[in-house]
Amino acid sequence: MANIAPKLPDGLKKEFEQIVAQYEFKRGALLPLLHKVQEHSGYLEQDILVGIAGYLNIPQVDVFEIATFYTLFNTRPVGNNVILVCDSISCYLKDEEKVFAQIKRILQIGSGETTSDGKFTLFTTSCIGACDRAPAMMVNDKTFFKLTPEKITDILKEY
Amino acid sequence: MPQTKILLKNIGTPNSEHIKGYLKNGGYKALKHALGELLPEEIVELVKRAGLRGRGGAGFPTGMKWQFCASDPKKIKYIICNADEGEPGTFKDRILLEQDPHSLIEGMAIAGYAIGCTQGIIYIRGEYIYAARLLEQAIEQARAKGYLGDNILGADFCFDIKVFLGAGAYICGEETALLDSLEGRAGRSRVKPPFPVNEGLWRRPTTVNNVETLCSIRHILLNGDEWFRRLGTSECPGTKIFSISGHVNKPGNYELPMGTVLRDLIYEYAGGIRDGNKFKAVLPGGASSPCLTAEHMGVAFDFYNLARAGSMLGSGALIVMDETTCMVGAGLSVARFFEHESCGRCTPCREGAGWIVNILNRIYNGEAKLAEIDLIVELADNMRASSFCPLGMAAPNAVVSFIKNFRDDFEEHIKYKRCPARKDLDV
């Protein structure tokens, strides 16, 4: 880590200041800052993590730990659209496996991978609280319900 | 019998998520009543007398929590709403957050007044980004009308709420891990004591309450403790939102008195088992709870009766499985969840959860030895006895209960390379 030059994301200086100002203890702003960076660049680059550590005056290792501990933070580049397919028990009981297999077949990628055109990155996810309308998945901020392999084809076409 | 809709009453009414709709349905009357006519300690007493227990899973008496926090001499205190709904099978807070956010805001403001704090935080899971944005708007609306901010409704009470977005970690639903997350750390449970009511966020007295719990407050204030006690059982008064999912005809949220029996939950409300199939098992309190079987149809769903039946109410999430369910596969799904969500700090949970997945995988594929079934049970005993926090203790519950009740499913996978429940399964 020591040889990574610290960097803060271009154009977010003002947002950063606004976020930190809301917290009596600066460290409390860490998750909101990481959310902001990811919203802006899609993932958290190493040099920016180092930059944020300096910005909040906390150890670099802590920032790296947090960026990797929380599932929704991406520490590697992702495609333009991130798909999260719920594989928890209620979705499993409603044939989530068939839905997931269909997505993999159409996109020709596995979990954690990005399509060669950079359009989609695919992950499985823990329960997203849509169990009454299982199986469910999220594409970016939007949740899709009662999925079937047929519906998947239509949904992916929208992106 | 219709549902007992109190918390879900506003759901589905026009503009229920907007302050206009909320005010039309009698919104913020309880806050007016609290600030105008009640002393903080009277509210704490009222909630105590009502016997409200936390709806997040642990079932701790809410009024007692408030009293501990209120009586701590430290000045700055927090009320935090735990909206990190992550227990598989649970989707009750989602509907309250998305369609009745002002109920929560009003409940938090009343709680803030009762406890003596000016700052509220809603910790909402990152996956509920839609609800989080809606909450921000609702808070803005409440501020504009003077239900949040300085000198609320002319009283000597200032209170505001901030929304804090989580980032995908089930463990943060545990209240001390949630506090760590708010402090910019990985979510890892803290040693108790000290309890959050004395040393919580930034070591200040902090009350952490679930969404459903806080949404109940205004109804108790408006209708009284005796009214609340008439609902539900004597040990667990009030209604509960049961999230029913899995192999039922009508999955959904059902608000019913505490103590409603399993048979009614499945057959009267959730429309019975799909395709006329036979019931096999239910996880009554999410993926953390041991399963119940057909012999338990008469069990009353509240914190005490489910404990007596050897399980737990948890968040009130019923995951129903019919006769076609492969219990090895279902167990594997639950085990994978806990393996992924273990925070990694303590060895029993981190390693135990991984090994259970490992062994179950091999049983599922017919590659394990019979003795390995009992190895899972042994691992589970160790996890329960020596894990640091409730996540590790609860992680093996469902799997062990599946082995205990449906051992044939596991043995046939190994002995005959087939699943007795799922004939189509290629072991």
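This note sets out points on a predicted model, covering chain A, its interface with chain B, and selected sites in chain B.

1. Basis. The model is predicted, so local features need pLDDT of at least 70 and side-chain atom pairs count only at pLDDT 80 or more, while totals for chains, interfaces and linings use all residues. Residues are numbered from 1 along each chain as its sequence is written, chains are lettered from A and ligands numbered from 1 in the order in which they are written, and side-chain values use heavy atoms, with hydrogens and water left out.

2. Chain A. Seven helices and four strands are found in chain A (DSSP runs numbered from the N terminus: H or I of at least four residues for helices, E of at least two for strands). Their order from the N terminus is α-α-α-α-β-α-α-β-β-β-α. The C-alpha trace spans about 50 × 35 × 25 Å along its principal axes. Of the 159 residues in chain A, 53% are buried (under 20% relative accessible area; exposed means over 50% and partly exposed in between, with a 1.4 Å probe and protein chains only). Chain A exposes about 7,500 Å², with 49% supplied by carbon and sulfur atoms (Shrake-Rupley method, 1.4 Å probe; for residues, only the protein chains shown count as cover).

3. Extent of the interface. Contact (heavy atoms within 4.5 Å) involves 54 residues of chain B and 37 residues of chain A. The two chains bury about 3,600 Å² between them, 56% of it on carbon and sulfur atoms (the accessible area, 1.4 Å probe, that two parts lose on being put together, summed over both). B:R94, B:E127 and B:A167 supply 15% of the area that chain B buries against chain A, more than any other three residues.

4. Three salt bridges cross between chain B and chain A (a side-chain nitrogen of Lys or Arg within 4 Å of a carboxyl oxygen of Asp or Glu). A salt bridge joins the side chains of A:D141 and B:R133, at 2.9 Å from N to O. Between chain B and chain A, 22 residue pairs are in polar contact, both residues at pLDDT 80 or more (N or O atoms within 3.5 Å; within protein, one must be able to donate a hydrogen and the other to accept it, and residues adjacent in sequence count only if both atoms are side-chain atoms). On the side of chain B that touches chain A, the largest share, seven residues, comes from α13(B).

5. Salt bridges within helices of chain B. B:R94 pairs with B:E98 in a salt bridge, with the closest N and O atoms 3.2 Å apart. The two are separated by about one helical turn because they lie four residues apart in helix α5 (residues 92–99) of chain B. B:R94 is buried, at 6% relative accessibility, and B:E98 is likewise buried, at 17%. In a further salt bridge, B:E45 and B:K48 have their closest N and O atoms 3.6 Å apart. B:E45 is partly exposed at 33%, as is B:K48 at 29%.

6. A loop residue. B:S342 is found in the loop between α13 and α14 (347–364) of chain B. This residue counts as buried because its relative accessibility is 15%. Beyond neighbours within four places in sequence, B:S342 is in contact with B:C349, B:R350 and B:L391.
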